[in-house]
Amino acid sequence: MKFGILVNEGPYTHEASDTAYHFTSAALKAGHEVVRVFFYHDGVNNGTRLGVPPQDDRNITERWAELAKQYDVELILCVAAAQRRGLLDADEARRAGKDADNMAEGFQISGLGQLIDAGIQADRLVVFGD
Amino acid sequence: MATKKFLYVNRKPPHGSIYALESLEVVLIGAAFEQDVSLAFVDDGVYQLLRKQDTSEIGSKNFSPTFRALGDYDVSKIYVERESLELRGLTKDDLMELTYEDEDDDWAEKDAIRIVDSEELGAIFEQQDVLLNF
Amino acid sequence: MSILHIINKSPYERNSLDTCLRLAQDGSGILLIEDGIYAARKNASAAEKLQSALEKHKIYALEPDLKARGIDAEHTIEGISLVDYDGFVTLATEYEKLQSWL
C-alpha cells in the first residue's frame with residue numbers, strides 16, 4: 001500500500017514526530033511504499049541541521065534522514081512554513097539575503113502542492129500532530 | 001486519475017495558534033489540484049468563521065477575510081457543526097457570509113456554509129477519501 | 001471498515017475523544033495513541049465512555065505508549081485491543097481512511 005505521512009509538529013516538544021517515525025519505519029519494513037513524508041507547521045523544525053540533542057537521547061533529525069536514505073523516501077519541508085520559522089536551505093538563504101542556511105541533509109524544501117499530491121497518490125494519508 | 005474527496009477538518013480557533021491560518025493556506029494552494037474539497041468546522045474551529053475579527057491590537061495578520069475568497073477557489077461546501085455552535089451560543093448570523101457561484105445554476109450566488117448536526121457530519125466524514133487535520 | 005479514528009490527547013486535557021465519539025459512525029474504529037491512551041485506563045471517569053463506545057466500535061490502544069506511561073494490560077479496560085507500531089500499520093491498511101483528531 002502507498003502511504004503519505006504528514007508531520008505537523010517539531011522534534012521533541014510533541015510526540016508527533018516520534019510516532020510518525022515509528023509508523024513510517026514499520027510501514028517501510030513491512031514492504032509498503034511511502035510516497036513522501038511532508039513536514040508542516042512546526043514540523044519543519046525536524047529538518048534542522050543544527051540540533052544537538054543530549055547524547056543519551058534519540059536524534060530525531062538524524063533518525064529521519066537515515067530512514068529516508070535507507071528506503072529512498074522524500075522528506076519534504078513546506079517552503080512557506082520553513083521560511084516563516086527560519087529553516088532555510090542554501091538557495092532559500094541566498095534568495096532571502098540571509099548569512100546562513102540550516103537545513104539537514106536528507107530533507108528538501110518544496111511547496112504545499114506536495115502535500116496535496118501525496119493525498120492524491122497515496123492509498124492512505126496519515127496525519128501526526130498536536 | 002479520478003478526483004478524490006478532501007475534507008479539511010478545523011477544530012482550533014484562530015489567532016491563539018497558527019493552525020487555522022496555515023490550514024487555510026493548504027486549502028488555497030490545494031485548489032489548483034481540482035479535487036473535490038470540503039471544509040468542516042467543529043468545536044472551537046467554528047470561531048474561525050466569526051464576523052468582525054479585528055487583529056489590529058494584537059498586531060498579527062487578519063486572515064479572516066480570506067475565507068470570503070473560498071468561493072473563487074471552488075469551495076462550495078463549508079460544513080459547520082450545529083452542536084459546536086450551540087454550545088458556544090452562536091448562530092449562523094454570527095458567522096461570516098461565505099458564498100460561491102453555482103455553475104450548474106447560471107452562476108447564481110449561493111451560501112457555501114451548511115449547518116449540519118453531528119450525525120450528518122459524521123456521515124460526511126465517511127464519504128471522504130482524504131481527511132486532513134492540522 | 002471505513003474510518004480509523006486516532007486520538008492522541010488525554011480525555012481530561014482535550015475534548016478530542018468526546019468529539020470523536022459524537023461524530024464516529026457505528027463500525028468505525030478508534031485507536032488511542034500518545035496521551036490518548038489515558039482513556040484506556042480502568043476506573044477512571046473516562047472508562048464509562050470507553051465502555052459504551054466499545055458497543056459500537058472496535059477500540060485499540062498503542063501498547064508502546066501505554067507502557068511508556070506505566071499502564072499495564074491489567075489496568076487497561078477489557079475489550080481494548082493492544083497493538084504495536086506494526087499493528088498500527090496493519091490497521092491503517094484495514095480501514096479505508098484515517099481521521100487524526102488534533
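The following exercises, each with a worked solution, concern a predicted model.

Local features here need pLDDT of at least 70, side-chain atom pairs count only at pLDDT 80 or more, and totals for chains, interfaces and linings use all residues. Residues are numbered from 1 along each chain as its sequence is written, while chains are lettered from A and ligands numbered from 1 in the order in which they are written.

**Exercise 1. Determine the strand order of the open sheet in chain A.**

Step 1. Helices (H or I, at least four residues) and strands (E, at least two) are DSSP runs, numbered from the N terminus. Two strands pair if DSSP finds at least two bridges between them.

Step 2. The order of the 5 strands is E4-E3-E2-E1-E5 (chain A), and the pairing is parallel.

Step 3. Strand E4 (107-110) and strand E5 (124-128) of chain A are the edge strands, each pairing on one side only.

Step 4. From one strand to the next, the twist averages 25 degrees. Angles run from 0 to 180 degrees between N-to-C directions, and axes are lines fitted to C-alpha atoms, for helices over the stretch in contact.

**Exercise 2. Describe the surroundings of strand E1 (residues 2-7) of chain A.**

Step 1. On E2(A) (residues 33-39), 6 bridges join the parallel strand E1(A). Ile5(A) has Val37(A) opposite, and Gly4(A) has Arg36(A) as its bridge partner.

Step 2. With E5(A), E1(A) pairs in the parallel sense over 5 bridges; there Leu6(A) stands opposite Val127(A).

Step 3. E1(A) is largely enclosed by the rest of the structure, because 5 of its 6 residues are buried. A residue is buried if 20 or more other C-beta atoms lie within 10 Å of its own, exposed if 12 or fewer, and partly exposed in between, with C-beta atoms placed from the backbone.

**Exercise 3. State which element gives the most to the side of chain B that touches chain C.**

Step 1. Two residues are in contact if their C-beta atoms, placed from the backbone, lie within 7 Å. The contact takes 16 residues from chain B and 14 residues from chain C.

Step 2. Helix H3 (118-127) and E7 of chain B each supply at least two residues of this side.

Step 3. H3(B) gives the most, with 6 residues.

Step 4. The side of chain B that touches chain C divides into 7 nonpolar, 4 polar and 5 charged residues. Ala, Val, Leu, Ile, Met, Phe, Trp, Tyr, Cys and Pro count as nonpolar, Asp, Glu, Lys and Arg as charged, and the others, Gly among them, as polar.
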